[in-house]
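Reader: Hi! I would like to learn how to read a model like this one, feature by feature. Could you walk me through it?

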Amino acid sequence: MKLYYATGACSLAVHIAIREAGLAFEPVKVSLPAHTLPDGSDFYQVNPRGYVPVLELDDGSRHTEVAALLQYVGDQDASHRLLPAHGSSARLPVLGLLAFISSELHKSFSWLWSKDTAESTRQTCQDKLAKRFAEFDQRLADSDYLTGDGFTVADAYAFTIINWCNFLGMSLAAYPKLQAYMARVAARPAVQEALRVEGLLK
Ligand SMILES: N[C@@H](CCC(=O)N[C@@H](CS)C(=O)NCC(=O)O)C(=O)O
């Protein structure tokens, strides 16, 4: 299995999940500004949409979309620790969170990354994110992770996206439980290893 990733991008969620699941894989770094691979070849040949993550399975098939890839990776872990079993009621909140993080967090942040985004749009996105952060802060008052006391693929995704606050100069000081959660997730050995491999830790 190969994971095409870019440093600190949303692909980090899949990277973390793969390491949490203990799966064998080859990380392949993509230069996003140039859309090139380490050998200089064109990343659009791998993904015509031009974005990471791409997960290439051993049969050569290539797949995209963070929320879908996290489900695939979670299901490879036979203990169902990262994603409860198909058909179980415990799976539903995790799937709900994957969709929520994708549409309500990931895509709002996408506007903040663009230099061309108008100030009014930027403000709207920040206001929306503030509401989502407040909700997570409340949710984390009684539990270590988003769906209870165990880490799931939803935490890999939430951590990755909220971590962008560090790059965009957005403070989480108003959300102490969320801030503590970010430190808790960052301290997990699999997360430390993913951050180190991506060059985000010394
Ligand atoms: N719909 C995709 C979006 C992935 C995405 O936004 N990837 C960004 C990095 S976080 C990217 O590679 N952008 C570069 C580009 O679109 O050229 C998903 O959910 O996986």
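Predicted model: local features only at pLDDT ≥ 70, side-chain atom pairs only at ≥ 80, totals over all residues.

Reader: What radius of gyration does the protein chain have, and what would a compact globule have?

Author: A compact globule with 202 residues would have a radius of gyration near 17 Å, and the protein chain has 17 Å, so the two agree. Its C-alpha trace spans about 45 × 45 × 35 Å along the principal axes. As for burial, 29% of the 202 residues count as buried.

Reader: Which domains does the domain assignment give?

Author: Domain 1 covers 2–82 + 190–197, and domain 2 covers 91–188. Their C-alpha centres are 20 Å apart. In the contact, domain 1 contributes 17 residues and domain 2 contributes 16 residues. On the domain 1 side, α1, α2 (66–76) and α8 (189–197) each supply at least two residues. That side divides into 12 nonpolar, 3 polar and 2 charged residues.

Reader: Now to helix packing. At roughly what angle do the axes of α1 and α5 cross?

Author: First the general idea: two packed helices are described by the angle between their axes and the distance between the axes. Here, the axes of helix α1 (residues 11–21) and helix α5 (residues 153–162) cross at roughly 145 degrees and come within 8 Å. The crossing of α1 past α5 is right-handed.

Reader: Which residues in α1 and α5 meet?

Author: From α1 come L12, A13, I16, A17 and E20, and they meet V153, A156, Y157 and T160 in α5. By type, the residues of this contact are 7 nonpolar, 1 polar and 1 charged.

Reader: What about the backbone? Which peptide bond is cis, with omega near 0 degrees?

Author: Look at the bond from V52 to P53, which is cis. You will find P53 in the loop between β2 (26–29) and β3 (54–56).

Reader: H35 is not a glycine; is its phi positive or negative?

Author: The phi of H35 is positive, about 55 degrees. H35 also sits in the loop between β2 and β3. With 17 other C-beta atoms within 10 Å, H35 is partly exposed. E65, likewise not a glycine, has a positive phi of about 85 degrees, and its place is the loop between β4 (62–64) and α2.

Reader: Is E65 buried or partly exposed?

Author: E65 counts as partly exposed because it has 17 C-beta neighbours inside 10 Å.

Methods: Residues numbered from 1 in each chain as written. Axes fitted to C-alpha atoms, helices over the stretch in contact; angles between N-to-C directions. Helix = DSSP H or I, 4+ residues; strand = E, 2+ residues; numbered from the N terminus. Left-handed = near helix turned anticlockwise from the far one by under 90°. Contact = placed C-beta atoms within 7 Å. Nonpolar A, V, L, I, M, F, W, Y, C, P; charged D, E, K, R; others polar. Domains from an automatic or database assignment. Rg over C-alpha atoms; globule rule 2.2 N^0.38 Å. Buried ≥ 20, exposed ≤ 12 C-beta atoms within 10 Å, placed from the backbone.
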